[in-house]
Amino acid sequence: MQTTAWLSADLVPRSGAEQVSGHAAQLTNDVSAADDDGVSISDIWKAFATGNENTPAVEGVNLRIRRGQFVTLIGPSGCGKSTLLRIVAGLLTPDRGSVSIFGETVIHAAESKHIGLVPQTPALLPWRTVIENVELPLQVNKHGTGGGDRRPIDPRELLESFGLGGVLDRRPHELSGGMQQRVAIARAFVFDPMILLMDEPFSALDEFTREAQRRGLLELWQSNQKTVLFVTHSVAEAVELSDVIVVMSPQPGRIRAVIPVDLPRPRGSLVGNSEAFHTVEVEVRRELRRTWSQPE
């Protein structure tokens, strides 16, 4: 399919000794050269100070994501997945390299409310109701309209679309973990962002709730086709949701493999039973095992 073809040409790793020819060689650090119809992550390096030394978190990471694609980062703990996500969100500044979001710098994209972030925990304010939590970004950013023809989404309508219309006046402690996470996702949508960054949003949920939330997210994505960069430790979750899976190796974080997920969409609840699903799952697990047995 067209998505897979584009990914095989442009969403490729180039880190350390793993030099990849073709389109990967065309990636540059010049944000102005980036395609305005995609997200370009170019030669990103980031280290953190630990005592008198700097510990590298990510090194030489290159990715290019086309508009409307669902891309998942997966790898063992300490491989730099969340660090990379936070760099794309503008919460961390890379030591080297650049990020372009649809032709904009990260700073401009953040100021224009083009980035939506869903953290690992819902981070809802306990004294505010559900609707007040979703209204908060609009109150804090009164001049942020999303830019161009894009306008904020009405919080009430947004919550109703998430199946939360009956709990608008409840406070977080009155909600289940799954409902709290849906509120956090709805909050990230309030400015109608161009890209949604999700950092293990279902990791704290039990397996049954996690599966339900995953199905809800998949249905939501299939209805609006947002560009998504997603972080997870779950192989099955990555395969079910993604157009492509990026496997990272630790210490320092580098891209080990880029695996297209060539499963048809929309994906029903039985997609996990298909032979094609298991083929991709086996390939991802094989690459993950290599990151453990052959550290970079």
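Begin by selecting Val130, Asn133, Val134 and Pro137 in helix H4, which meet Val183, Ala186 and Arg187 in helix H6; contact means heavy atoms within 4.5 Å. Five of the residues in this contact of H4 with H6 are nonpolar, one is polar and one is charged. Here Ala, Val, Leu, Ile, Met, Phe, Trp, Tyr, Cys and Pro count as nonpolar, Asp, Glu, Lys and Arg as charged, and the others, Gly among them, as polar.

The model is predicted, local features need pLDDT of at least 70, side-chain atom pairs count only at pLDDT 80 or more, and totals for chains, interfaces and linings use all residues. Residues are numbered from 1 along each chain as its sequence is written, and side-chain values use heavy atoms, with hydrogens and water left out.

Now show the two helices whole: H4 covers residues 130-140 and H6 covers residues 177-189. Helices (H or I, at least four residues) and strands (E, at least two) are DSSP runs, numbered from the N terminus. The axes of H4 and H6 come within 8 Å and cross at roughly 30°. Axes are lines fitted to C-alpha atoms, for helices over the stretch in contact, and angles run from 0 to 180 degrees between N-to-C directions. H4 and H6 are therefore roughly parallel to each other, a term for angles under 35 degrees.

On the H6 side, select Gly178, Arg182, Ile185 and Phe189; on the H7 side, Thr209, Gln213, Leu220 and Asn224 make the contact. By class, the residues of the contact of H6 with H7 are three nonpolar, four polar and one charged.

Next, turn to the largest pocket, with a volume of about 530 Å³. A pocket is an open set of points on a 1 Å grid over the protein atoms alone where a 1.4 Å probe fits, with protein on both sides within 12 Å along at least five of seven lines; lining residues have an atom within 4 Å of a point. The volume is the space filled by probe spheres set on the points, which are joined across faces, edges and corners. Of the 19 lining residues, select Ile115, Gly116, Leu117, Pro137 and Ala188, the closest to the pocket centre. Strand E6 (115-118), H4 and H6 each supply at least two lining residues.

For the last stops, select Phe102, in the loop between strand E4 (96-101) and strand E5 (104-105). Phe102 has a positive phi of about 50° although it is not a glycine. Then select Gln251 and Pro252, joined by a cis peptide bond with omega about -5°. Finish at Arg265 and Pro266, where the peptide bond is cis with omega near 0°.

How values were computed
Parallel < 35°, antiparallel > 145°, perpendicular 65-115°, else oblique.
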